[in-house]
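Hi,

Here is the structure I said I would pass on to you. Have a look at it, and then read on for what turned up.

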Amino acid sequence: MGMSGPSGGSSGRRGRGARRAPMSEINVTPLVDVMLVLLIIFMITAPLLASAVPVDLPESRAKPGETEEQEPVQLSINGDDTIYIGEEVVPEAELPARLDALAAAQKQGERPQQIMLRADKGLDYGRVMRVMGELNRAGLTRIALVTTGSDSEPAAVTDGSETAQ
């Protein structure tokens, strides 16, 4: 009866001259770590890139409003008094007609679309209220005022839906 010794028998040499078989598994932990970091970076920067019109928003400690299924209309008033609907510049003389067209398009839907009003904090209060008055006149009453968060709070949207006349 042949017994194998401590060297493991005739299966191969062990010791200083032995070669190990190449490792056939790939360590994916660093790849997963890098992908998670990239995911977090994109999740943080994507909302910041959403608004292309540069507006210096005022700060607020209001809680963020609820999000909706449909995309809201972005109406922005820049520091130099330029009005934008989305990313398109709208002259002040054309604003009532454009808002009427938005309201007419909304009447076909079952729920009115929300308007996100973004105004530069350096603007005159009366200027912002004139634009809100035009929105109300056109029948667009679901208006949300967009602000940036204070140092301890995140950015907020104060939901002024169904504004008073």
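Before the first residue, one cut-off: buried means under 20% relative accessible area, exposed means over 50%, and partly exposed is what falls in between. Ser76 has a relative accessible area of 1%, so it counts as buried. Do keep in mind that this is a predicted model.

Where does Ser76 sit? Its place is in strand β2, which covers residues 73–77. The Ser76 side chain also has a partner: it makes a polar contact with the side chain of Arg118, at 3.1 Å.

Next, helix α2. This helix has 13 residues, and from its first C-alpha to its last it reaches 19 Å, close to the 18 Å expected at 1.5 Å a residue. Which residues of α2 are buried? They are Leu95, Leu99, Ala103 and Gln106. Looking down the axis of α2, you will see these buried residues fall within an arc of 70°, so they line one face of the helix. As for what they pack against, that is β2, β3 (83–85), β4 and α3.

Setting aside neighbours within four places in sequence, Leu99 is in contact with Leu75, Ile85, Glu134, Leu135, Ala138 and Leu140. Leu99 comes up again in the largest nonpolar core, which has 20 residues: Leu75, Leu95, Leu99 and Leu117 are the ones that touch the most other members. At least two residues of this core come from each of β2, β3, α2, β5 (115–119) and α3. Which element gives the most to this core? That is α3, with four residues.

Now the charged pairs. How many salt bridges are there? The count comes to five.

One of the salt bridges joins Arg98 and Glu88, with the closest N and O atoms 3.3 Å apart. This pair links distant parts of the chain, since Arg98 is in helix α2 (residues 95–107) and Glu88 is in strand β4 (residues 88–90), ten residues apart. Are the two partners buried or partly exposed? Arg98 is partly exposed, with a relative accessible area of 26%, and Glu88 is partly exposed too, at 44%.

Arg137 is partly exposed at 44% relative accessible area, and Asp100 is partly exposed at 34%.

Arg137 has another salt bridge to look at, with the side chain of Glu134 (3.1 Å, N to O). Why are Glu134 and Arg137 separated by about one helical turn? Because they are three residues apart in helix α3. Glu134 counts as partly exposed, at 23% relative accessibility, and Glu134 is also among the contacts of Leu99 listed above.

Last, there is a network: Asp81, Glu92 and Arg127 are linked in it by salt bridges.

Cheers

How values were computed:
Residues numbered from 1 in each chain as written. Predicted model: local features only at pLDDT ≥ 70, side-chain atom pairs only at ≥ 80, totals over all residues. Heavy atoms only, no water. Buried < 20%, exposed > 50% of the residue type's maximum accessible area, 1.4 Å probe, protein only. Polar contact = N/O pair within 3.5 Å; in protein donor to acceptor, adjacent residues only side chain to side chain. Salt bridge = Lys/Arg side-chain N within 4 Å of Asp/Glu carboxyl O. Expected span 1.5 Å × (residues − 1). Arc of directions from axis to C-beta. Contact = heavy atoms within 4.5 Å. Core = buried A, V, L, I, M, F, W, Y, C linked by side-chain atoms within 4.5 Å.
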